[in-house]
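Me: I would like to learn how to read some features of a protein model. Could you take me through them one at a time?

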Amino acid sequence: MLALAWRTPRLAGDSAGRELPASVGALVTSPWLRGGVRGLGLAVTAYTAWAAFAGADAAANPTLGVFYIYLWVGMVPLSLLLGDVWPLLSPVRTLHVVLSRALGSAPDQGMLRYPAWLGQWPAALGLFAFVWTELVSPDAELVATVVTWFLVYAGVMLVGAAVFGDTFLAHADPFEVWFGLVARLSPWGLRRTADGGARVVIRSPLQSLDTVTPVPGLVAVLAVLLGSTAYDSFSTSIWWLRVTGVRGPLDPTVLDTLVLLGFVLVVMVTFTVAARVGTGLPRQRRRELPRQLAHSLVPIGVGYVFAHYLSLLLESGQAYLIFLSDPLVTGTDDVLGTADWTVSYFLSLRPGLLAVLKVGFVLVGHVLAVVAAHDRALRLLPDGHRVSGQVGMLVLMLVYTVGGLLLLFSA
């Protein structure tokens, strides 16, 4: 259908969209609003840190919910609705701003220039460290594990920002990179003006997605996200549980690590090969294609997050909201007034609706991916290869769709 009806590029990226009144841009970029959001991020971080040290080291500790549910999963719909808000909520970036101003330097200035060839590879490694902690580590449900991970993460980010400026955070912070990619599917955008101001624009999510910058490491970032989500479903499948139930020569943690890494590499290799096949381009330009088409994986990743974690977000998210104020957990009074709330299991009690939603999220994500990749291919591929050069990607998208659904319902 796209080959017949979508024959010329239609996505214009940053130049697309309708500008809202200048007053809206002034409000969004106002120091008061941005400072308030930064303060909110620090307040949530401080409260979570207090719960981590004051509460019991148990699964009911709200620290685990804030880390694994509200941050990792909850920031995805928030970024879709509001745009790229994580740089303001990020306690690490806020601390870097405070420290920079205290030392009399600008946050964007560092001792060295961030190397362009490094791109987002540090973010890919950080994301792999996070998903390994969540999905593989035998101590994932211990508060001490979460606290240790966050302290190491914050230390690396602050040192890197001191050396390279906040450019390091934009490329190396795993959360900032991922949530920033998700925000490219938001209808909101910010366009800088010649006088240094900003205008808020509203546009199609596909137009926003077209603004993703094809930097080194982008494919690796998205491969970690897709591969880890696939591994999460695979690791709870009946077949894999039977295999791991038999004692083998490898330690279970080592085996799970290798399988997780295998899923990530499969996504990276298959996408790279599919992007380069039959394009009719010279070798050097073929090497750039995976990076140029990687933005099409973003809606697939978002679709998988909703399909895989929707019930977790809505139901376990309610439970941890209760734990945030439970005196038995925090060791203090009902601070937020939520300790007496009860969890609603609306989706779990309606498995048919949940299954339809899961399939819908996966399919919508893949349809958006195909459209985004097709439009970009029309600009990159030479005449005579604009259809045949997309066959590899078409086959890959079909494999990802069917494979994703099989894994999703194999648990």
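Reply: A salt bridge here is a side-chain nitrogen of Lys or Arg within 4 Å of a carboxyl oxygen of Asp or Glu. Keep in mind that this is a predicted model.

Me: How many salt bridges does a search of the whole structure find?

Reply: The general idea comes first. Side chains of opposite charge can pair when their charged atoms come close. In this case, the search of the whole structure gives 8 salt bridges.

Me: Take Asp-14. Which residue does Asp-14 form a salt bridge with?

Reply: The partner of Asp-14 is Arg-203, and their closest N and O atoms are 3.7 Å apart. This pair links distant parts of the chain, 189 residues apart. Asp-14 sits in the loop between helix H1 (2-5) and strand S1 (18-19), and Arg-203 in the loop between strand S3 (198-202) and helix H12 (205-209).

Me: Is Arg-203 buried or exposed?

Reply: For this you need the cut-offs: buried means under 20% relative accessible area, exposed means over 50%, and partly exposed is in between. Arg-203 has 10% relative accessibility, so it counts as buried. Asp-14 has a relative accessible area of 40%, so it is partly exposed.

Me: Which residue forms a salt bridge with Asp-166?

Reply: That is Arg-93, with the closest N and O atoms 3.7 Å apart. Asp-166 lies in the loop between H9 and helix H10 (167-172) and Arg-93 lies in helix H7, so the pair ties together parts that are 73 residues apart in sequence. Apply the accessibility cut-off to each partner in turn. Asp-166 counts as buried because its relative accessibility is 17%. Arg-93, at 12%, counts as buried.

Me: What do the side chains of Arg-379 and Asp-210 form where they meet?

Reply: They form a salt bridge, at 2.7 Å from N to O. Arg-379 is in helix H19 (residues 351-380) and Asp-210 is in the loop between H12 and H13, so parts 169 residues apart in sequence are tied together by the pair. Arg-379 counts as partly exposed at 39% relative accessibility, and Asp-210 counts as buried at 9%. Salt bridges can also be read as a network when they share partners: here they join Asp-210, Asp-375, Arg-376 and Arg-379 into one.

Me: Now for helices. How many residues does helix H3 have?

Reply: Helix H3 (residues 31-54) has 24 residues. To read its length, compare the span with the expected one: H3 reaches 34 Å from its first C-alpha to its last, close to the 34 Å expected at 1.5 Å a residue. Then look at burial. The buried residues of H3 are Arg-38, Gly-41, Thr-48, Ala-51 and Ala-52. Their cover includes helix H4 (62-71), helix H6 (86-89), helix H7 (91-102) and helix H9 (143-164).

Me: Why is H4 described as largely enclosed by the rest of the structure?

Reply: Count the buried residues of the helix. In H4, 9 of the 10 residues are buried, so the helix is largely enclosed. Among them are Pro-62, Phe-67, Tyr-68 and Leu-71.

Me: Is Trp-239 buried or exposed?

Reply: Trp-239 counts as exposed, at 55% relative accessibility. Trp-239 is found in helix H14 (residues 238-245).

Methods: Residues are numbered from 1 along each chain as its sequence is written. This is a predicted model: local features need pLDDT of at least 70, side-chain atom pairs count only at pLDDT 80 or more; totals for chains, interfaces and linings use all residues. Side-chain values use heavy atoms; hydrogens and water are left out. Helices (H or I, at least four residues) and strands (E, at least two) are DSSP runs, numbered from the N terminus. The expected span of a helix is 1.5 Å times one less than its number of residues. Buried means under 20% relative accessible area, exposed over 50%, partly exposed in between (1.4 Å probe, protein chains only). Contact means heavy atoms within 4.5 Å.
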